Amino acid sequence: MASNEYQFITHWHMQSTLEEINDVLGNAPDLVRWWPAVYLDVQELEEGDPETGIGKEISLYTKGWLPYTLRWQFRITENRSPHGFSLEAWGDFVGEGHWTFAQDGDWVKITYDWRVRADKPILRYLSFIMKPIFAANHHWAMEKGEESLRLELARRHAQTAAERDTVAAPPPTTFASFIK
């Protein structure tokens, strides 16, 4: 594995249904609203197949806790609704991601398998020495995603507007980016 290649497997466990998790994680443009610590801008470029979503293309502008941002795109390559979907990525990241959802009673086991090559110059050239820090940045982003998804599900499950108003806002983005 080259120094700028990464594989991350993330596991979350949420009280929900397959359909709800698939709906939330499958709606990329909404990531900016409920996962703002990482997703600064998300645009749908191509709709893809109207029934399966295969071929849907998304443009993303993202950030972790380190002072750089990433611009990348992905295309949906497989739809296993409501059990997940797969994507291929290009831009500052090149690779593939696989979201898998499995019902476990009233809970859903969520797995994200992200195999990616970091092509942004700072990541590509410094991975040989900074790989543990870049990996920690990814883990931080996924921790914020888990926290943000729990809050989003709490908002969705609230019985009243007053109850919904008691749910905390999702974690915001970190300090400014110095490396665009």
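**View 1. Seven strands form an open sheet.** The strand order is β1-β7-β6-β5-β4-β3-β2, and the pairing is antiparallel. Strands β1 and β2 (39-46) are the edge strands. Each of them pairs on one side only. From one strand to the next, the twist averages 20°. This view, like those that follow, shows a predicted model.

**View 2. Strands β4 and β5 run antiparallel.** Seven bridges join these two strands. Phe-74 returns in the pocket view, among the residues that lie nearest the pocket centre.

**View 3. Helix α1 packs on the sheet.** The strands touched by α1 are β1, β5, β6 and β7. The direction of α1 makes about 160° with that of β6. Helix α1 covers residues 18-25.

View 4. Helix α3 spans residues 121-157.

**View 5. Helices α1 and α3 pack against each other.** Their angle is about 115°, and their axes are 12 Å apart. The crossing is right-handed. On the α1 side, the contact residues are Glu-20, Ile-21, Asp-23 and Val-24. They meet Leu-149, Glu-152, Leu-153, Arg-156 and His-157 in α3. By class, this contact has four nonpolar, one polar and four charged residues.

**View 6. The largest pocket holds about 750 Å³ of space.** A probe the size of a water molecule, rolled over the atoms, shows where empty space is left. In this model, 45 residues line the largest pocket. Nearest its centre lie Tyr-39, Trp-72, Phe-74, Trp-99 and Tyr-112.

**View 7. Both helices and strands line the largest pocket.** Two or more lining residues come from each of β1 (5-15), β3 (57-63), β4 (69-79), β5 (84-91), β6 (93-104) and β7 (107-118). Helices α1 and α3 also give two or more residues each. The largest share, seven residues, comes from α3. By class, the lining has 29 nonpolar, 12 polar and four charged residues.

Methods: Residues numbered from 1 in each chain as written. Predicted model: local features only at pLDDT ≥ 70, side-chain atom pairs only at ≥ 80, totals over all residues. Heavy atoms only, no water. Axes fitted to C-alpha atoms, helices over the stretch in contact; angles between N-to-C directions. Helix = DSSP H or I, 4+ residues; strand = E, 2+ residues; numbered from the N terminus. Left-handed = near helix turned anticlockwise from the far one by under 90°. Contact = heavy atoms within 4.5 Å. Nonpolar A, V, L, I, M, F, W, Y, C, P; charged D, E, K, R; others polar. 1 Å grid on protein atoms, 1.4 Å probe; cavity = no way out; pocket = protein on both sides within 12 Å on 5 of 7 lines; lining within 4 Å. Points joined across faces, edges and corners; volume = space filled by probe spheres on them. Pairing = 2+ DSSP bridges.
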